[in-house]
Amino acid sequence: MTEIRFSGFGGQGIIRCALIAGKALSLYGNKFATMTQSFGPEARGSACSSQLIVSDDRVLYPYITIPEILVSMSQEAYDKYESDLKDDGLLIIDQDLVKPKPPRGKIKSYSVPSTRFAEELGNRIIANLVMMGFFTAITKITTSEVMKKGVPGLVPDRFLELNLKAFDKGYEYGLETLKKGK
Amino acid sequence: MKKSKADPKGVLTGSHFMDGDYALAEGGLAAGCRYFGGYPITPSTETAERFSERIPYVGGVFIQMEDELGSIASLIGAVWGGKKAMTVTSGPGFSLMMENIGLACMMETPLVIANVQRGGPSTGLPTLTGQQDMMQARWGSHGDYEIIALSPDSPQECFDLTIEAFNLSETYRVPVFVMTDECIGHMHEKVVIPPAEEIELVERKWYKGPKNKYLPYKNDTDGIPFMVKVGDGYRFHTTGLTRDERGYPLLNAECQATCVSHLIDKIKDNADKIIHLKETDIDNAEILVMSYGITSRVSIKAVQEAKKTGIKVGTMQLKTVWPFPEKRIKELAGKVKAIVFPEINAGQVVLEAERVVGDKCKVVSVPHYGGWVHNPEDILNAIKEAAK
């Protein structure tokens with residue numbers, strides 16, 4: 001069982017990240033996935049979070065407790081959620097938006113300029129898909145093919161191709177990062 | 001009871017990653033619901049949104065009403081107009097619906113009401129979970145009557161049990177409640193929607209006799225009267241007043257006894273057919289964990305831990321909470337040492353368990369005041385304590 005938190009600020013597509021991963025893993029990845037999200041005033045504007053539990057068996061307790069993976073796309077979200085991350089967990093950040101504290105415990109940390117890459121591809125709104133590509137490469141939670149199957153229907157049809165391009169960009173960057181051993 | 005297959009138009013066959021609120025709407029559409037009247041309220045709004053988006057494409061009607069009083073009233077009208085109808089709400093809206101829920105019971109109007117429960121009382125916790133409206137579903141309107149209430153444990157069961165709710169409501173001409181909660185309503189999981197031909201529906205029992213002979217409250221051989229569509233030329237009367245077979249007010253003790261005992265007996269006498277339970281490891285269990293909705297899955301986590309310590313634990317998930325499974329619980333009360341009953345309220349349905357078992361075994365309430373689901377450890381501790 002793996003507990004994952006995606007976090008950032010409202011409007012970055014944080015909820016969408018967990019939806020894409022949950023859909024891909026539960027419909028095409030042969031896993032059980034349960035997704036919950038922050039809801040209410042805290043989800044509007046400030047630190048926003050979506051949670052995903054991925055398991056080989058049915059998920060019984062629906063909320064994450066001590067996440068093994070934290071994805072942060074804003075400083076506020078990082079500051080709010082970093083302390084929850086498991087001591088030997090995995091931290092993935094947008095390096096231009098989050099200045100991490102010195103490493104804690106055995107946490108492994110990876111970073112990607114997801115917003116910058118998205119802007120280079122033409123629209124910062126697809127930063128979350130760059131992040132999802134990077135996330136897939138780093139975590140190896142499933143293949144890029146399976147993860148990409150989660151995207152159609154969760155982004156506007158006319159921007160599907162652009163979103164997949166963003167995913168590929170992040171995925172390739174993730175593979176390079178792993179190769180460099182960083 | 002005439003059965004038919006679902007109309008493929010309303011059935012979104014396939015696997016979806018969907019939240020419980022959407023699954024309620026898809027269950028309704030698959031069951032043939034072609035009228036939705038409602039008033040948006042957190043955390044149930046997504047169901048209304050989904051209906052508004054989908055129902056025009058399957059030949060149905062969505063109306064956002066002025067409030068919840070109007071919502072439930074409009075459902076009664078739509079049903080007597082010949083449609084299957086549904087609404088969705090949460091705590092405060094549920095309270096506003098109570099008067100006309102009684103009218104629906106009295107008029108024997110089949111309809112489905114989903115309550116995506118949040119913490120109460122009053123405005124309470126709009127965005128956080130609760131199971132605090134269970135007794136309200138049972139007793140909320142005035143007078144004596146019986147209803148049916150189901151409680152799903154997942155988005156998949158939101159879909160499945162909404163179909164079951166429609167079938168039960170048509171079978172017994174009674175309002176049926178789908179008592180879910182914020183956690184499931186906003187939780188996304190895989191929901192498998194089968195092909196239309198695999199979804200069996202109960203058809204309304206239409207009266208086919210002469211136009212001037214229709215009696216809206218004359219029981220058929222199965223104890224349930226026939227219905228007609230308003231506008232089809234049948235002359236009939238229906239009302240909230242105590243009425244005779246013709247539907248005309250007859251305000252005396254004899255008619256009251258006939259009328260009200262029928263509302264109660266049609267459910268009580270068929271309880272065995274209505275009640276839907278999921279039991280695991282019941283044989284040889286010394287402790288029985290009873291629960292419903294989201295709490296039943298959190299309970300399993302505690303049960304798994306309890307088993308590791310050697311305690312023999314069985315579980316019973318009440319997919320049907322009302323009518324309460326008295327008979328089955330009486331049977332088990334003589335066999336188990338204790339019943340442990342967690343629910344996200346101060347202890348509501350547990351009172352029924354206490355009433356039914358009497359002094360045959362211990363009943364342990366594991367209350368939670370809402371805002372979150374139980375910590376499985378609290379349920380585990382209750383199991384351990386009860387097993388001592």
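1. A word on terms before we start: a residue is called buried under 20% relative accessible area, exposed over 50% and partly exposed in between (1.4 Å probe, protein chains only). By that rule, Arg243(B) and Glu108(B) are both buried.

2. Please keep in mind that this is a predicted model, in which local features need pLDDT of at least 70 and side-chain atom pairs count only at pLDDT 80 or more, while totals for chains, interfaces and linings use all residues. Residues are numbered from 1 along each chain as its sequence is written, chains are lettered from A and ligands numbered from 1 in the order in which they are written, and side-chain values use heavy atoms, with hydrogens and water left out.

3. A salt bridge here is a side-chain nitrogen of Lys or Arg within 4 Å of a carboxyl oxygen of Asp or Glu. The two residues are 135 apart and link distant parts of the chain, Arg243(B) sitting in the loop between strand E11 (200–202) and helix H8 (253–268) of chain B and Glu108(B) in the loop between helix H4 (91–106) and strand E6 (111–119) of chain B. Helices (H or I, at least four residues) and strands (E, at least two) are DSSP runs, numbered from the N terminus.

4. Another pair to look at is Arg54(B) with Glu26(B), a salt bridge at 2.7 Å, N to O. Arg54(B) belongs to helix H2 (residues 45–54) of chain B and Glu26(B) to helix H1 (residues 20–30) of chain B, so the pair ties together parts 28 residues apart in sequence. Both Arg54(B) and Glu26(B) are buried.

5. The largest nonpolar core has 66 residues, and Ile148(B), Ile287(B) and Ile383(B) have the most contacts inside it. Such a core is a set of buried Ala, Val, Leu, Ile, Met, Phe, Trp, Tyr and Cys residues joined through side-chain atoms within 4.5 Å. Helix H6 (residues 155–172) of chain B gives the most to this core, with eight residues.

6. Where the chains meet, 20 residues of chain A are in contact (heavy atoms within 4.5 Å) with 25 residues of chain B. One salt bridge is counted between chain A and chain B: Asp153(B) pairs with Arg58(A), the closest N and O atoms being 3.1 Å apart. On the side of chain A that touches chain B, H1(A) gives the most, with six residues.
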